[in-house]
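Subject: Structure for you to look over

Dear colleague,

Please find below the structure that I promised to pass on, together with its sequence. My notes on what was found in it follow, and I would be glad if you read them with the structure open.

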Amino acid sequence: MHAAILARFVVLEARRSGLPWLVAASVAGGLGLAAFLSQVAVTESLELQTAIVAALLRACAVFLIAAQVITSTQRERDDKGLELVLSLPLSRPAYYLGRLAGFVACGAVVSACFALPLLLWSPPQAVLLWALSLCAETALMAAAAMFFSTVLTQLVPAAAATAGLYLLARSIGAIQAIAGGPLAEPSLPQRLARWSVDAVALLLPRLDSVTRTDWLIYGSPALDAYGAALAGLVLYALLLGAAGLFDFHRRNL
Amino acid sequence: MIRDERPLATVPAWVWFALALTLAAQIGWQIVRPPSPRAASDLPAPPAPAMLRLASFGEPAAAARLAMLYLQSFDLRAGNDIPYRELNYGRLIDWLRAILATDPRSQYPLFAAARIYAENPDPRKARAALEFVYQEFLKDPNRRWRWLAHAALLAKYRLKDLPLALRYATAVERLTTAPDVPVWAKQMRIFILEDMDQLQAAKIMLGGLLASGQIKDPAELRFLKQHLERLEAKIQRRDARRQPK
């Protein structure tokens, strides 16, 4: 119950901040870019618009949610709101998970808002799958941003770590493919490099296999692969939640 | 970032359990679902060179090399006996061309075309890779001659296509002007002509090369003179055979 109240406050805070305006500006910017591109493209103009707008809105969604989580957590700390809330009969897990649920709900609303304009160019089923995937992705990034802003306690390190995790998770598949190429001599350093990359990949989500623009252009993905990719995201979000909760318990407030 | 931490014992047991469980599940999940290797059909259409330059944020040399690493990871792993066999070479060559246009001084795309992609057992694909090397050689012969020289050797020994080898060797001989281009590269044409049984042309070329004074090394000079003598003898024997008895 307490967690639900906290989640509601987080959503309320987001609604009263600049987040809705930024979401609207992102959609407007995406539509404007699409209109411009449709004028200059000589072929595949619909596919071009879909691809560019979807990629842009995906990046915007992740950035806006991560920024919202980090700044909100920082503000809570600076205003001593955290100490105030914990002085009430409220458990630490309820506080942490409640706020996280609020941020996840914000991510779901942002994902839905960003999926709507894509209905102009893509079939509803593909857009629905894309939106659900974006929802899971923003939930994961909300958990990551909350984890880092709790652990690192400062704005810039938390933002850098969140961005680093996101970029690495989006590119780890390509990095693994490059590291696994047999063209290089099979030397010890080469094997060590490959093992290191594989070990890092075990601790990362596979963000390169979700919220893909090609679903919107070439049709929906196979449902089993889609389900597995989303399950991987949910699992990693749970891991980040557990790790954040662990650290939050150790904080001496 | 100095933190005031409580002892680990303050963390409830269920949080320990949740952390251990989710961590084990994450690692287990990634182990049982390794990323699938990139298949040949996954190779997307190449970006325009201008887009690659834009994406490089002012670092075209780094971007071109990263793009090459990305490109060479397709159709390469997981039970693939012959790398690049299934690759769409039209698309591949467009990629190589875009990367080379991003950083024209890089030798990587030409190396890959001549030494990796031209090794494809499908002669059509090998020829496509060699033709890419030839076309790009024409844009900067003094810097790119070595790859066309290699292409000439591949055409001669692997494809057994002497006219194609002669075309490449002729281009190397005629279009390179830099002093650091070795004489062997310029002499390739002579030996290919000889293999094609065009002995007279080979003799004229070799004689011209010796008369030009380009060859300074005495051992090389001696070897080529002996070769010229052998050529003349060969021509005489051939002419004798052709005389009506």
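The predictor's confidence in each residue is expressed as pLDDT, on a scale from 0 to 100. By that score chain A has a mean of 89, with 96% of its residues at 70 or more. This is a predicted model, in which local features need pLDDT of at least 70 and side-chain atom pairs count only at pLDDT 80 or more, whereas totals for chains, interfaces and linings use all residues. Residues are numbered from 1 along each chain as its sequence is written, and chains are lettered from A and ligands numbered from 1 in the order in which they are written.

Chain A first. Its secondary structure comes to ten helices and zero strands, where helices (H or I, at least four residues) and strands (E, at least two) are DSSP runs numbered from the N terminus. Among these elements the lowest mean pLDDT, 83, belongs to helix 4 (residues 81-86) of chain A, and the highest, 95, to helix 6 of chain A. Of the 253 residues in chain A, 39% are buried; a residue is buried if 20 or more other C-beta atoms lie within 10 Å of its own, exposed if 12 or fewer, and partly exposed in between, with C-beta atoms placed from the backbone. Two residues are in contact if their C-beta atoms, again placed from the backbone, lie within 7 Å, and among the contacts in chain A between residues at least 6 apart in sequence, 79% join residues at least 24 apart.

A nonpolar core is a set of buried Ala, Val, Leu, Ile, Met, Phe, Trp, Tyr and Cys residues joined through C-beta atoms within 7 Å. The largest such core has 71 residues, of which Ile65(A), Trp130(A), Ala142(A) and Ala143(A) touch the most other members. Helix 6 (residues 124-152) of chain A gives the most to this core, with 18 residues. Leaving aside residues up to four places away in sequence, Trp130(A) touches several residues, including Ala54(A), Leu118(A) and Trp215(A). Apart from this core lies another, of 52 residues, among them Phe137(B) and Leu206(B).

Arg170(A) sits in helix 7 (residues 155-179) of chain A, and counts as partly exposed because it has 19 C-beta neighbours inside 10 Å. Residues up to four places away in sequence not being counted, Arg170(A) touches Leu207(A) and Asp208(A).

The contact between the chains takes 30 residues from chain B and 29 residues from chain A. On the side of chain B that touches chain A, helix 1 (13-32) and helix 3 (60-71) of chain B each supply at least two residues, and helix 1 of chain B gives the most, with eleven.

Finally, helix 10 (residues 199-212) of chain B has 14 residues and reaches 20 Å from its first C-alpha to its last. Ala202(B), Met205(B) and Leu206(B) are buried in helix 10 of chain B. Seen down the helix axis, the buried residues of helix 10 of chain B fall within an arc of 95 degrees (that of the directions from the axis to the C-beta atoms), so they line one face of the helix. What covers them includes helix 9 (183-195) and helix 11 (218-242) of chain B, while Gly208(B) and Ala211(B) are exposed on the other side.

With best wishes

Notes: Expected span 1.5 Å × (residues − 1).
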